[in-house]
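Subject: Structure handover

Hello,

I am passing on the structure we spoke about. Please have a look at it first, and then read the notes under it.

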Amino acid sequence: MRFIVYIFIIFAFINYAYAANEPNAAVQKISLMHHPYSQINQNGEVSGAIVDIFREMKKQLPFKLELVGCPFSRCVRMLEQGEVNAMGGLILTPMRQQVMQFVTPPYMVLTSSFVFYAREDSQLQINNYDDLYGKKIAIMRGAVHFKRFDEDDELTKIAVLTESTAINLLLKGRADLVIAVEDTADHAMSVLNQPANKLVKMQYRFNDTIYGYLALSKQFSVTPLA
């Protein structure tokens, strides 16, 4: 069974001061947070467009890299704790700025919508924000959406590790809605052959321009290699 680990790239550089001066130094540990266009199989093997690009990058870098997959929330926590040293594709928030160092300007701009999916047979209608109240909404743990939604403690949110898990909860009737970025979610479902035909998008959506940043751990940000 394949699954998606959402949003972009994480780098972890171990013994970085030595490696910066010694191109053939010991292998540096790299944690790769996979883009929605990539996936991990049951054997832990990674594949996809971002992985292919990253492997080409490795050929030009003066140190060696190792690819490791991890769920989004775990990778963010590892970055905060300095267990990995950099992560790409993060949305900048004041809270995150307290525990990690963002590199500006953002390297990714995605114009899309945050949308809500329901089961096709649920007959739910979400026509405006207020219709979200009283519904169980599956979200990806650690993810950032739009300000009103993220800060609204009156909504019932069910946090899970991956978007794939959120969709499974929805299909099993354990959640009423799933929130996701429309462009990446639609593609992810097609890559993983998920039953998109059993889902329907709600009328209400939040249009936004999403900026993706490279963020460094506080410990790594003050090193020469950073």
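This is a predicted model: local features need pLDDT of at least 70, side-chain atom pairs count only at pLDDT 80 or more; totals for chains, interfaces and linings use all residues.

Overall make-up

The protein chain has 226 residues, and 46% of them are buried. Its secondary structure consists of eight helices and nine strands. Taking the contacts between residues at least 6 apart in sequence, 70% join residues at least 24 apart.

Aromatic rings

A pair of aromatic rings is described by the distance of the centres and the angle of the planes. Nine aromatic pairs are present in the structure. One of them is formed by Phe146 and Phe206: the ring centres are 4.1 Å apart and the planes are at 10°. Planes under 30 degrees apart count as stacked, so this pair is stacked.

Where do the two partners lie? Phe146 is in the loop between strand 6 (136–140) and helix 5 (147–151), while Phe206 is in strand 9 (residues 199–217). The pair therefore ties together parts that are 60 residues apart in sequence. The two residues also have their accessibility listed here: Phe146 is buried, with a relative accessible area of 3%, and Phe206 is partly exposed, with a relative accessible area of 29%.

Both residues belong to a cluster linked by ring pairs, made up of Phe114, Phe116, Tyr129, Tyr133, Phe146, Phe149, Tyr204 and Phe206. Arg148 lies over Tyr129, 3.6 Å from the ring centre, and Lys157 lies over Phe149, 4.8 Å from the ring centre.

Largest pocket

The largest pocket has a volume of about 590 Å³. It is lined by 22 residues, and those closest to its centre are Leu92, Thr93, Pro94, Val144 and Asp150. Helix 3 (72–80), helix 4 (94–99), helix 5 and strand 9 are the elements that give two or more residues to the lining. Which of the elements gives the most to the lining of the largest pocket? That is strand 9, with five residues. Sorted by class, the lining has 12 nonpolar, four polar and six charged residues.

Helix 6

Helix 6 covers residues 163–171, and its buried residues are Glu163, Ser164, Ala166, Ile167, Leu169 and Leu170. Just after helix 6 comes Gly173, which takes a positive phi of about 80°.

Gly89 is part of strand 4 (residues 86–90). Its relative accessibility is 4%, so Gly89 counts as buried. In sequence, Gly89 and Ile210 are 121 residues apart, but from C-alpha to C-alpha they are 9.7 Å apart in space.

Val222 sits in the segment after helix 8 (218–221). Is Val222 buried or exposed? With a relative accessible area of 70%, Val222 is exposed. Val222 and Gln101 are 121 residues apart along the chain, and their C-alpha atoms are separated by 9.7 Å.

Best regards

How values were computed
Residues are numbered from 1 along each chain as its sequence is written. Side-chain values use heavy atoms; hydrogens and water are left out. Rings of Phe, Tyr and Trp (its six-membered ring) pair if their centres lie within 6.5 Å; planes under 30 degrees apart count as stacked, over 60 as edge-to-face and the rest as tilted. Helices (H or I, at least four residues) and strands (E, at least two) are DSSP runs, numbered from the N terminus. Buried means under 20% relative accessible area, exposed over 50%, partly exposed in between (1.4 Å probe, protein chains only). A charge sits over a ring if NZ of Lys or CZ of Arg is within 6 Å of the ring centre and within 35 degrees of the ring normal. On a 1 Å grid over the protein atoms alone, a cavity is a set of points where a 1.4 Å probe fits but cannot get out, and a pocket is an open set with protein on both sides within 12 Å along at least five of seven lines; lining residues have an atom within 4 Å of a point. Grid points are joined across faces, edges and corners, and a volume is the space filled by probe spheres set on the points. Ala, Val, Leu, Ile, Met, Phe, Trp, Tyr, Cys and Pro count as nonpolar, Asp, Glu, Lys and Arg as charged, and the others, Gly among them, as polar. Contact means heavy atoms within 4.5 Å.
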